[in-house]
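Let's learn to read a protein structure together, one feature at a time. Have a look at it first.

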Amino acid sequence: MKQARPGSRDRAAARRANEDAIIAQRRTGLPPKIGFPWGKLVHYLYCSLSYIFLLSPMIVVIGASFHGGEYYTAIKFPPDDPSLRWYGQIPRAQLEALGLSFALAGAAALGACVLGIPAALGIVRGRLPGKSFISTVFRAPLQIPAIVTGIAFLQLFYLVGDATGYYLQGTFWGLYVGHVFVATPYVVGTVTAILQRFDMRLEEAAFSLGASRWSTFRRVTLPVIKPGVYAGALYAFMVSFGDVPISIFLTAPGFVTYPIELFYALENDFDPSILASASLVIFFCLLALLGMQKLVGLDTLLRSGSR
């Protein structure tokens, strides 16, 4: 006759104790006694402190932008006499610079996708010799200090201008070339990560059903790599919009991006309207994140090839 193992006796005793606790709860109507969840408390406390640490600068900037008192030369938080006074006094130069930054960042993100998607396809699926070297070249802008990139483009534009008579520094196209240069590696990296896990049988099935290469790419490949495209475009937009080291060398008086305009404004004198315009950018970023979450979901942007 088999003897019950000690482990099975312990499990049976645990089940009986659990059943007794459930019966006692039903009789008394009181929940069973459970130990205090110290682990969850520490987890929630740690996450709360982390969010406070990360978001407190933006909270201070937004709160100080509603200060409606007299003109001041420092940040006033919490604000006195809250109002929208400084939002109506944002200089036109800051609004024009903000519009230029949005247009430039959007165009740079689009250009990075146009260059980055074919580059990622060639790196992953191409049979060219030296693919590892080509991949390194596309990732090189991430390794070069941004200020070195800005100086290099400035010198290049001067050489091109001396040879052709057309100087790109201080123009939209000059800024565009520099921003696409630093934004493209993000699209290449995110799309490459998905293509390396791509199931080639999906494309083979489309070919076997008579689909052309373009139709297969548009209806099969592109929907699968779309999370990488979204993520790369979002990173490219953020890098371009917030760039200072490259833009400061390629802009000209009267033609500056938003970060450079704020830099010059703070260099001369503090103006409370700077806080108001910065708060508008924060609000726009929050709306953009909410819209992205509504359209594709932030979890889609963070995936790297998993389906």
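**Exposed or buried?**

Q: Is Arg-92 buried or exposed?
A: Relative accessible area, found with a 1.4 Å probe and protein chains only, sorts residues: under 20% is buried, over 50% exposed, and in between partly exposed. Arg-92 has 65% relative accessibility, so it counts as exposed. Across the 307 residues of the protein, 34% count as buried.

Q: What kind of model am I looking at?
A: It's a predicted model, where local features need pLDDT of at least 70 and side-chain atom pairs count only at pLDDT 80 or more, while totals for chains, interfaces and linings use all residues. Residues are numbered from 1 along each chain as its sequence is written, and side-chain values use heavy atoms, with hydrogens and water left out.

Q: Which residue forms a salt bridge with Arg-92?
A: Look for a side-chain nitrogen of Lys or Arg within 4 Å of a carboxyl oxygen of Asp or Glu. Here the partner is Glu-96, and the closest N and O atoms are 2.9 Å apart. Glu-96 is partly exposed, at 46% relative accessible area. Both residues lie in helix α3 (residues 92–125), four residues apart, or about one turn of the helix. By this rule the count is one salt bridge.

Q: How many helices and strands are there?
A: Helices (H or I, at least four residues) and strands (E, at least two) are DSSP runs, numbered from the N terminus. This protein has 12 helices and zero strands.

Q: Where does α8 bend?
A: To get a bend, take the angle between axes fitted to the seven residues ending at a residue and the seven starting there. In α8 the bend is about 55° at Leu-222, and a proline, Pro-223, follows within four residues. You can check the span too: expect 1.5 Å times one less than the number of residues. For the 29 residues of α8 (residues 213–241), a straight helix would span 42 Å, but the end C-alpha atoms span only 35 Å.

Q: How many aromatic pairs are there?
A: Rings of Phe, Tyr and Trp (its six-membered ring) pair if their centres lie within 6.5 Å; planes under 30 degrees apart are stacked, over 60 edge-to-face, and the rest tilted. That rule gives 14 aromatic pairs. Take Phe-153 and Phe-181: their ring centres are 5.3 Å apart and their planes at 75°, so this pair is edge-to-face. Phe-153 sits in helix α5 (residues 146–164) and Phe-181 in helix α6 (residues 172–195), so the pair ties together parts 28 residues apart in sequence. Phe-153 is buried at 10% relative accessibility, whereas Phe-181 is partly exposed at 32%.
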